[in-house]
Amino acid sequence: MMTWLRRFSPRVVLAVSTGLFLAPSLLASPATLETIVKRGFLNCGVNQGLAGFSSPDAQGNWVGLDVDYCRAIAAAVLKDATKVKYRPLSAKERFTALQSGEIDVLSRNTTWTISRDASLGLDFVGVTYYDGQGFMVRKKSKIATAKKLNGATVCVNAGTTTELNLADWFRTLGQKYKILSFEKNDEVVAAYDAGRCDAYTTDQSGLFSERNKLKNPDDHVILPEIISKEPLGPAVRQGDDAWADIARWVLNAWLEAEELGLTQASIDQAKASPNPNIRRLVGVEGDFGKMLGLDPEWAMRIVKQVGNYGESFERNLGASTRLKIVRGQNRLWKDGGLQYPLPLR
Amino acid sequence: MRKPLLIQIVFALVIAIGFGWAALNVAGNLERQGIASGFGFLSSTAGFGIISSLIPWTETSSYGRALVVGLLNTLLVSSLGIVLATILGVATGVARLSPNWLLAKVAGFFVELMRNLPLLLIIFFLYFGVLRLLPSPSESLSLGDVIFLNNRGLYVPWFFSVPELDGFDFTGGLAITPEFIALLAALVLYTAGFIAEIVRGGILAVPPGQREAALALGLSRTQMLRMVILPQALRAIVPPLTSQYLNLTKNSSLAAAIGYPDLVQVFAGTVLSQTGQAVEIIAITMGVYLIISLLIALAMNIWNERTRIIERGAA
């Protein structure tokens with residue numbers, strides 16, 4: 001009867017026992033880039049299923065904004081965006097998987113906070129999606145504001161910033177609440193759908209995505225309040241700064257490509273462009289690839305194989321998808337948003 | 001005598017050195033990777049809520065208190081589970097041997113069903129299956145307007161306080177959550193299936209002459225069971241029963257799947273995620289389960305010893 005062990009989640013236990021018995025040299029290997037090139041594929045930790053960010057499509061391929069970031073790294077580092085092995089992780093497992101070296105990069109709608117950055121042995125490299133925590137309730141409950149949730153039972157995913165923000169929100173208002181937290185997302189949604197909770201709370205993007213899993217999505221409404229800042233971004237293991245640099249600049253090149261107007265369709269003509277910014281990004285001027293330990297066309301391949309950030313956003317979350325998420329604060333800074341690619345020069 | 005002793009000492013030393021090396025290795029690796037370590041986190045503020053607790057809990061309580069809250073919830077569901085599973089298991093085991101054909105078959109069907117389904121499936125079935133059937137708080141099923149049942153749980157009067165609908169939910173009285181009911185019911189049903197077989201085996205292990213002698217003395221079937229068969233059967237029942245009690249306690253950690261705040265859900269789940277100190281937390285959790293299990297085993301061994309002595313005296 002070992003089923004009880006399963007609840008400890010094999011990854012956490014594995015990581016702990018690895019930590020106990022593995023020789024120190026094996027854990028502290030710093031050359032992540034070399035390891036990945038030798039291995040031939042990137043290990044990318046993603047959400048187990050969050051439509052628009054990372055979920056398997058009808059053919060079983062992983063798609064989404066978080067997935068596209070890993071594809072961008074693979075395109076830059078391995079010259080092939082398909083050379084990624086996705087590891088679906090629960091909220092609880094994600095950091096241990098990164099710490100233990102099971103994944104090279106964590107791209108799993110993860111909020112960048114000081115405690116995570118400073119005490120978990122990892123480094124965040126940027127923000128792929130500016131989000132905030134919201135609430136969803138049943139339409140027939142006639143609740144129009146999150147301030148009217150006094151006494152409500154709220155369903156959340158265990159081990160998230162959501163769990164803490166929720167407590168803060170009710171503490172600040174001096175209201176009562178009951179929290180019901182599940183380890184897996186699907187069980188949170190199932191319990192809310194079964195009427196066990198009055199409200200369901202997570203990042204607002206997650207609410208849009210999970211609403212489609214409910215029996216009657218139209219019976220539910222997302223409340224206007226955003227109760228927290230949730231900058232979601234990828235993270236790498238602490239201690240390999242060269243690899244962190246690659247992860248950071250892949251994200252910036254991905255955003256910069258949008259700012260420069262380079263798209264998947266037009267990138268082949270970009271090398272002939274007179275614009276020095278474009279010439280630097282596609283690698284005909286400057287030697288930024290070499291500085292990162294990559295070849296000159298690393299950034300160009302991101303756009304060619306994955307598209308720029310804006311294209312990926314539209315394809316996975318935008319108006320043409322079921323989610324229909326408005327780009328809002330995730331627009332580029334010049335369009336009034338918060339996405340501000342650092343200069344590639 | 002001397003040589004074996006030396007071997008024992010060397011062996012113990014090797015093990016001690018092995019553990020010492022592992023501990024140093026962990027500490028070194030954690031520091032190198034910049035991961036927080038140590039047990040200081042136990043006194044930090046937790047900042048999250050817990051739906052049900054046997055001791056007062058607020059968001060400003062410490063992680064150490066969260067450990068106690070989780071532990072008490074584990075002990076609550078395990079101890080109630082052990083008592084109820086024993087009652088149901090013994091009844092089913094005896095029923096399986098009943099001369100009443102229908103009763104024996106129903107008991108047999110129950111045992112086979114429970115022993116051959118995965119426990120997690122039973123938990124999910126009871127939780128989500130039953131939850132969907134129950135009404136919302138405003139449409140609660142009620143018994144005499146003092147006991148209420150809805151998809152938030154079962155509400156019963158408790159110490160002169162009667163449950164009352166107030167906004168989203170009932171206040172007052174004692175609220176028993178659906179998570180607790182589903183987990184307890186699943187553990188009881190599942191374990192009772194195994195206990196029934198142990199009881200049946202124990203009864204069958206009593207020589208048939210004992211039964212015949214009891215009947216010849218004119219004892220009724222119930223008297224025979226209670227005074228002759230069961231006391232002797234206990235000898236064969238208690239050791240495997242210990243394993244079932246241990247299993248039930250450990251299986252209660254499946255609570256995390258349906259959000260019952262047990263030790264694993266609260267401590268090895270939420271606290272682990274919020275602090276990221278996996279090594280310390282998993283070690284504490286394993287230690288706590290080990291202590292609970294050893295205590296159960298100890299109690300059962302004492303009981304086993306007693307049943308044995310009584311048997312010898314009677315013979």
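**Sheet, domains and core**

Colleague: In β10(A), which residue is the bridge partner of Val156(A)?

Modeller: The model is predicted. In it, β9(A) and β10(A) run parallel and are joined by six bridges. Within β10(A), the residue bridged to Val156(A) is Ser181(A).

Colleague: Are the residues on the faces of β9(A) buried or exposed?

Modeller: One side of β9(A) carries Ala152(A), Val154(A) and Val156(A), and the other carries Thr153(A), Cys155(A) and Asn157(A). Six of the six residues of β9(A) pass the burial criterion, which takes 20 or more other C-beta atoms within 10 Å. On both faces, then, the residues of β9(A) are buried.

Colleague: Which strands of chain A are the edge strands of the open sheet?

Modeller: The open sheet has five strands with mixed pairing, in the order β10-β9-β11-β8-β12 (chain A). An edge strand here pairs on one side only, and that holds for β10 (177–182) and β12 (220–222) of chain A.

Colleague: By how many degrees are neighbouring strands of this sheet turned against each other on average?

Modeller: The average ignores direction, as the sheet is of mixed pairing. Neighbouring strands are turned on average by 30°.

Colleague: What angle does the direction of helix α9 of chain A make with that of β9(A)?

Modeller: Helix α9 (residues 185–193) of chain A packs on the sheet and touches β9 (152–157), β10 and β11 (199–203) of chain A. Its direction and that of β9(A) make an angle of about 160°.

Colleague: How many charged residues are on the side of domain 1 of chain A that touches domain 2 of chain A?

Modeller: The two domains of chain A have centres separated by 30 Å, taken over C-alpha atoms. Their contact takes 15 residues from domain 1 and 14 residues from domain 2 of chain A. The domain 1 side divides into six nonpolar and seven polar residues, with the charged ones numbering two.

Colleague: Why does the largest nonpolar core lie between domain 1 and domain 2 of chain A?

Modeller: This core has 171 residues, and Ile73(A), Leu183(B) and Ile123(B) are among those touching the most other members. Its largest share, 16 residues, comes from helix α5 (residues 178–204) of chain B. The core lies between the two domains of chain A because residues are given to it by both domain 1 (32–130 + 232–326) and domain 2 (133–228).

How values were computed. Residues numbered from 1 in each chain as written. Chains lettered and ligands numbered in written order. Predicted model: local features only at pLDDT ≥ 70, side-chain atom pairs only at ≥ 80, totals over all residues. Core = buried A, V, L, I, M, F, W, Y, C linked by C-beta atoms within 7 Å. Buried ≥ 20, exposed ≤ 12 C-beta atoms within 10 Å, placed from the backbone. Helix = DSSP H or I, 4+ residues; strand = E, 2+ residues; numbered from the N terminus. Domains from an automatic or database assignment. Contact = placed C-beta atoms within 7 Å. Nonpolar A, V, L, I, M, F, W, Y, C, P; charged D, E, K, R; others polar. Pairing = 2+ DSSP bridges. Axes fitted to C-alpha atoms, helices over the stretch in contact; angles between N-to-C directions.
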